[in-house]
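Subject: Structure handover

Hello,

The structure you asked for is below, with notes on what was found in it. Please read the notes alongside the coordinates.

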Amino acid sequence: MTKILNPHHRPLWVGAICLVLLPFCMQGIGLTLDVATVVVILAIAAMGLNLLVGYTGLVSFGHSAWFGIGGYAAALAQLHWFKDQIVLPFAFSLLFTATLALVVGYLILRRRGVYFSLLTLALCALTFAISFRWTSLTGGEGGLGGIERGSLGPIDLNSHLNYYILTAVIGFAVLWFLLRIVRSPFGHVLVAIRENQQRATFQGYDIDRYKLLAFVLSATITGLAGALVVFLHRLAAAESTTVAFSGELLAMVVIGGMHNFLGPALGALFFLLFRELFSMYTNNWLLYFGLVFVGFIIFSAQDLRGFAAARVSSAPTRGRNGP
Amino acid sequence: MDEKRSPKTVHSPDVQRRKWLKTGTILAGGAALAHPMLAMAQTGPIRVGHLTPMTGFLGALGEYAVQGIKMAVEEINAAGGLLGRQVDLISEDSVNPQTAASKAQRMIERDKVEFLMGEISSASALTIAQVAARNKTLFMSIGARSDTLRGKDCNRYTFHVDIPVTVMVNAAGEALAREGYVKGKKIYTLTSDYVFGHDLSKAAKAFFARNNGTVIGEEVVPTDLTDFSAQLIKIRQARPDLIATNLGGNQVTNFVKQYAEFGMKFPVAGFNLNTADAWAAGEDNLGGIWPTVWHHEIKTPGTQAFVQKFTKKYNRIPENHAWIEYVSMMMLAQAIRETKSVDTERIIKYFESEAQFDILKLRKGYFRSWDHQLMQEAYPFTVKPKGQAKHKLDFLLFGEAVPGATEPLEKLAPPRSENLCKM
Amino acid sequence: MEIVYLLEQIVNGLVLGGYYLLLAMGLSLIFSVGGIVNLSHGAFYALGAYLSLEVIKYAGFGASLFITPVLVGLIGIAFERFLLRRFYTADPILSLLVTFGLAMVAEQALRMIWGSAPLPSGMPPQFKGNVMLGEFMFSKYRLFILAVVICVMGGIWLLLHKTSFGRVVRAGIQKPDMVAVLGIRLQPYMVTVVVLGVASAALGGVLFGPIAIVHPAMGTEIMTVAFVVVVIGGLGSFWGVVLAAFLVGVVRGVTTHFAPAASEASMYILMFLVLMLRPRGLLGERIERFE
């Protein structure tokens, strides 16, 4: 009993409790169950991004490309091959995103720092251009509609609650998976790469392989979130691949805290609450959100550890058990 | 992170940040509770959800649309509301098809609207229609004109107010053919790359084929293309007798302005041009023949009264999107009053009974029962000869209504043989 | 298809390139001298277009060509002083993030002030019409834009290569450490560089407003092109940016002719290729910090 309760598993407990309470809290303040589902989806996407940004130190400005690609892959799989199913399209989406990320990552990870970030930005813009213009494949501006959720065995996924439960279960699985990764030797090497890439190389690690794997995992997790949102809205659209959305994902990670395991999830919640609540009062909620984002960077710049190149790495403030 | 073990009591910046976020989130949640809209009452006002694009290339039209429908709601409420209840209009920017769908869903679930209305973009109208059908809510698709919306994508919960693409092509096309621009001529077309543009293009090509015109080239342009110089060069190379545009929103304005900038001399006409976009193009830039669903110079007391009211309230002349939103709200109001209910099924039946509505034109309009399309007149228009305009916006010359007074209203609309709608 | 029309597309592409150059040059200067990747550069372009519409109401187009860049330049001073200055010695990624956020804020601010619907913008009537040079047809206005761009670029070149100010700036791009050792502080120079950069972006907005649509998202749209040009041309090289701007303009123009749907994508593919094969760009310097 004590083994389950020990603080080693704290993030899992926090995550599980939040997933259970979230729908009640959302409906309590007058938002819908679907909004709760979107929070979980964005949290998954942000945590996927953070594996790359917070843990490996590679800032991707184009992660919405993976969000969109995961979504389109699932939608196309259902529309062309697996009519009315949900499991197989998801599986295809994961496979496709991972493979594509492997190829793309191999190409662009050869560059570092600002160049890498610019490459991800270009990639995102390219993905948007393709999804917006290649109408015969992606439905162009109108997107791909007519997606059906079907059912998982006896459970009908058309119910809002059932779909939320599915998303929450997948979210928890992602949480568990990421926690294992981050605490594993692999995860520690990623942090080493973030802090000082040269030194990690001197210690004999093949950093290219580590970075590539981190990239693929990160892209696939965000792609999974993209597939979930497509089945939620029953529509795959180019809006998911915009550079603006990439920026919002990054904002969630930065504001929520990129050196904290659950930080991005909190950032996603914050973003969504901000959007849903502020948009009732003003059409300019994104302005205020942007101001918060800019403020965070200006005033907590020294907190973004690993990025202030001149700063000496300070002693860890966390316990032995990791983040 | 285990605070109990650490002897330090100073919190690390990350903890502090989390505290801020938690407090902020709780405050935000508390503020939401206080918001009256969320404290739902089941009786009370009739809530109508309204979505229209206010950004992007249809944005200027959306502004007129919102003004039109707001004026209608104010009139209704001032006269005592409907069935003793006030009308509460929740109007938002639909932005793009994906956002339109999620906002429509949210309006139904959270804001508990009885009806959905609006839209100008055919792509967004489609996604909203799908949401409406799934939730068994009535959706009046007001300004979206694509044929497929009333064709293979139709559903019984959606009613279409604006004239479809086929009617627009036929309305302008008849006038074009009469003036001799079509028979035996070489025609170059420009098409906006989205569902409405493609529909226009299909109908236009069919029309030209029927009337012995030859389409010698087609340019498909992205909806956010602002610079037409490359296309203009290609057009010059082709030397057509007529340039026919199948462009949407302010793309027409942009094209016409740049066309004037280059000073080319081929005649330009098109199958879609809203009055707002015509005004934006300006007197010196515009020429050719275009269709419209309504204009402010129609000589009926209804139209003139509407124009006066609108001009007084908003300090500008109404254009067709303002008018069509206004009459749509009035039609819904009539349906509610006649059926004495806000029940979607009863309203659908009322509309399908082909009840007549005063849409401020010479003839009354009615919804065709099998495709839910409003039957009404349309008008071709062109530009006045130079020097005749009395003021900056007065340079448009409107033609007679089509179909003619003795012809059936359905004459220009797609017949059952061409329309794939099955409900 | 006659060659003359293809050549016209190429020349039209050159004109487009000239206009990209106005934006890319400022972006490149700020990037090379200050180490800041200014993702909010497009916001100054949009601001230029919007402000110009207001200025034209009172002073006309000609005056707006001078007044608007000056106004935006003043805003640039505040921008440099209160925002950019904190990030010169920080990791370049931070400047990416903060200017990205600023771009978001700026677009929303424009929407709040001027509304989200596109604003009508007219061209002064004396510029309308075309000019025939033999078989080639050019729009008078675009030739005018090209002329303005050449003048401005000429001025910047003179500034960079014929003045002591320019000498220090160029040294600062190539060897910032040496400049520091020589006892010269680069920071005061940055103010001028930033002001020049945002003012030329604003000028781009003024010039292109009459033929494009003025709407809040116009800044972000143009940023991607400007970026592509800067990256392809390479940092620290005046002629690199010039070359890249015209190259991108021509590539876009020619692709629009043959496959319009792919013209936007062609630009990114070009940038992708360049970043992969030669990250410092066609003529750029190697800047360690960015790798």
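In this predicted model, the charged end of B:Arg316 sits over the ring of B:Tyr64, 3.7 Å from the ring centre. A charge is taken to sit over a ring if NZ of Lys or CZ of Arg is within 6 Å of the ring centre and within 35 degrees of the ring normal. Chain A has such an arrangement at A:Arg149, whose charged end is over the ring of A:Tyr163, 4.5 Å from its centre.

A note on conventions. Residues are numbered from 1 along each chain as its sequence is written, and chains are lettered from A and ligands numbered from 1 in the order in which they are written. Because the model is predicted, local features need pLDDT of at least 70 and side-chain atom pairs count only at pLDDT 80 or more, while totals for chains, interfaces and linings use all residues; side-chain values use heavy atoms, with hydrogens and water left out.

Aromatic pairs

A pair of aromatic rings is described by the distance of the centres and the angle of the planes. Rings of Phe, Tyr and Trp (its six-membered ring) pair if their centres lie within 6.5 Å; planes under 30 degrees apart are stacked, over 60 edge-to-face, and the rest tilted. Over all chains, this gives 41 aromatic pairs. One of them is A:Phe116 with A:Phe215, an edge-to-face pair at 6.3 Å centre to centre and 80 degrees between the planes. A:Phe116 is in helix H6 (residues 113–133) of chain A and A:Phe215 in helix H11 (residues 207–233) of chain A, so the pair ties together parts 99 residues apart in sequence. Helices (H or I, at least four residues) and strands (E, at least two) are DSSP runs, numbered from the N terminus. A:Phe116 is buried at 1% relative accessible area, and A:Phe215 is buried with a relative accessibility of 1%. Buried here means under 20% relative accessible area, exposed over 50%, and partly exposed in between (1.4 Å probe, protein chains only).

In chain B, B:Trp294 and B:Phe306 form an edge-to-face pair, 5.8 Å centre to centre with 75 degrees between the planes. B:Trp294 is in the loop between strand E10 (290–292) and helix H11 (301–314) of chain B, and B:Phe306 is in helix H11 of chain B, 12 residues apart. B:Trp294 has a relative accessible area of 0% and is buried; B:Phe306, at 1%, is buried.

Chain B and its backbone

Chain B has 13 helices and 14 strands. Of its 423 residues, 62% are buried. Contact means heavy atoms within 4.5 Å; among contacts in chain B between residues at least 6 apart in sequence, 69% join residues at least 24 apart.

Most residues other than glycine have a negative phi, and most peptide bonds are trans. Which places in chain B are worth a look on that account? The peptide bond from B:Val402 to B:Pro403 is cis, with omega near -5 degrees, and B:Pro403 lies in the segment after strand E14 (396–398) of chain B. B:Leu83 has a positive phi of about 55 degrees; B:Leu83 is in the loop between helix H2 (59–78) and strand E2 (87–93) of chain B and is partly exposed at 42% relative accessible area. B:Glu354 has a positive phi near 60 degrees.

The contact takes 38 residues from chain C and 37 from chain A. About 3,800 Å² is buried between the two chains, 81% of it from carbon and sulfur atoms; buried area is the accessible area (1.4 Å probe) that two parts lose on being put together, summed over both. C:Leu97, C:Phe272 and C:Met276 supply 17% of the area that chain C buries against chain A, more than any other three residues. Across this interface there are 0 salt bridges, a salt bridge being a side-chain nitrogen of Lys or Arg within 4 Å of a carboxyl oxygen of Asp or Glu. On the chain C side, the elements that give two or more residues are helix H3 (92–114), helix H8 (218–233) and helix H10 (263–277) of chain C. The largest share, 14 residues, comes from H3(C).

Elsewhere in chain C, C:Ser64 is in helix H2 (residues 41–82) of chain C and is buried at 0% relative accessible area. Leaving aside neighbours within four places in sequence, C:Ser64 is in contact with C:Ser52, C:Val55, C:Ile56, C:Pro69 and C:Val206.

Regards
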